[in-house]
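I opened my notebook to look at how two chains meet. My notes follow the order in which I looked things up.

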Amino acid sequence: MNSSNRQFLRVMASDADSGVNGLINYYIGTIDVPYFSINRTTGTIILRDDISSLSSLNTSRFPIRFQVYAQDRGVSPLFSSNNATVTINYSENDEVQAATWLDPSYEDLNVLITEKFYELYPHQPIHEESGFNGSIFYSLTSNISSLMTVSSPFILNGELPFRDTRVTRIDRVCKSGITVTR
Amino acid sequence: MVLRLQGKIKNQNSISNLRILYIYFSGLHAEIQKIYFLYIRVLVNPPLIGRVTITLKDENDQIPTFDLRSIILSVMENEEGNRTIAQIQAFDRDIDDENNHISYSLNTDLTDTTAGQNFHVENDGRIWTDTKFSEQQTPYRLFITAYNDKLAWNSTKNLTEDFQFDIQVISNNNKPPGKIFQYQ
């Protein structure tokens, strides 16, 4: 961690049930974890409200390590069989990021598309009529190019109906997007 | 990835449920998965990561489907009054209610006039009659169309499937056996 934001990581679990039985709550399963808590519904690791800034943290307490477990919201809730272990390290120097999104909205993008997107817009990246236009720009600090990839934590790439769009580059700004495969 | 569906056909004597498994392996179908959670990752060190949530809007692309395409049923002779003789039910894999709602009607192009006059089809797939039949009647054949009220996503037509229905008249057991002869 070396950024000034207050969100760090998102933990996710999958549940094959639908409806309430498939909704998941996330909990930290380690006692006396300093500074951090978890958003119960999204699984995002966040800085606790009573921590004013990262500079107030005691660096000797790092790395901070804790367990996260998931529990569905069914009537007799079921626990995750595998817990996630989260380790947070403290980095003194504020390193320059090798790449940055040109638009901060790419950090958390929500896109609504029709299931017939491929038939309607063959070989075009996913976009909305009004809203996200399909291009994802990032700038690099180096002259060496870097790919942008699309992946899912739950689905193998071969079964995922989305791919990254071929990268184009002008100077140090690259452009990619998300393409529907079928 | 597996999608489970259920079809049903029902008549006055029996109800049978037919369970069918449909298996898709890939492709963009709201029927398989409506929300995708993805990571976009620029491959630098440390990686630059973004989160993308893609929600699919269901379109009316699935056709109403019958598990069985035809059935033979019987009606008793000499019965009177309004009576339901069967209810047929198709299913539609679309996930939005407006896309999977199915209505039923008599296909008057294929059904002959006599059959059409004696049997009536309700919106919900119920077939009823108020005719008093006699035993010598030839069988009737009805054709019933299952259709989505909403038009298909890419056309001005309805998505439909037809069902063929044969109805035969059977006699009541109202005649005793004949006289018994005794041989010596």
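I began with polar contacts across the interface of chain B and chain A. I found 18 residue pairs, both residues at pLDDT 80 or more. I noted that pLDDT applies here since this is a predicted model.

Next I asked which strands of chain B supply at least two residues each to the side that touches chain A. They are β3 (35-42) and β4 (48-57). β4(B) gives the most, with 10 residues.

Then I sorted that side of chain B by class. I counted 18 nonpolar, seven polar and eight charged residues.

I turned to salt bridges. The rule finds two across the interface of chain B and chain A. I looked up one that joins the side chains of Asp108(A) and Arg51(B). Its N to O distance is 3.4 Å.

I followed the strands next. In what sense do β10 of chain A and β3(B) pair? They run antiparallel, over four bridges. Strand β10 covers residues 148-151 of chain A. Within this part I found Thr149(A) opposite Arg41(B), which lies in β3(B).

Last came the extent of the interface. I noted that 33 residues of chain B are in contact with 42 residues of chain A. The size of an interface is often given as the accessible area lost when the parts come together. The area buried between the two chains is about 3,400 Å². Carbon and sulfur atoms give 61% of this area. On chain B, Leu28(B), Ile40(B) and Arg51(B) supply 21% of the area that the chain buries against chain A. That is more than any other three residues. Arg51(B) is also the salt-bridge partner of Asp108(A).

Conventions: Residues are numbered from 1 along each chain as its sequence is written. Chains are lettered from A and ligands numbered from 1 in the order in which they are written. This is a predicted model: local features need pLDDT of at least 70, side-chain atom pairs count only at pLDDT 80 or more; totals for chains, interfaces and linings use all residues. Side-chain values use heavy atoms; hydrogens and water are left out. Contact means heavy atoms within 4.5 Å. Buried area is the accessible area (1.4 Å probe) that two parts lose on being put together, summed over both. A salt bridge is a side-chain nitrogen of Lys or Arg within 4 Å of a carboxyl oxygen of Asp or Glu. A polar contact is a pair of N or O atoms within 3.5 Å; within protein, one must be able to donate a hydrogen and the other to accept it, and residues adjacent in sequence count only if both atoms are side-chain atoms. Ala, Val, Leu, Ile, Met, Phe, Trp, Tyr, Cys and Pro count as nonpolar, Asp, Glu, Lys and Arg as charged, and the others, Gly among them, as polar. Two strands pair if DSSP finds at least two bridges between them.
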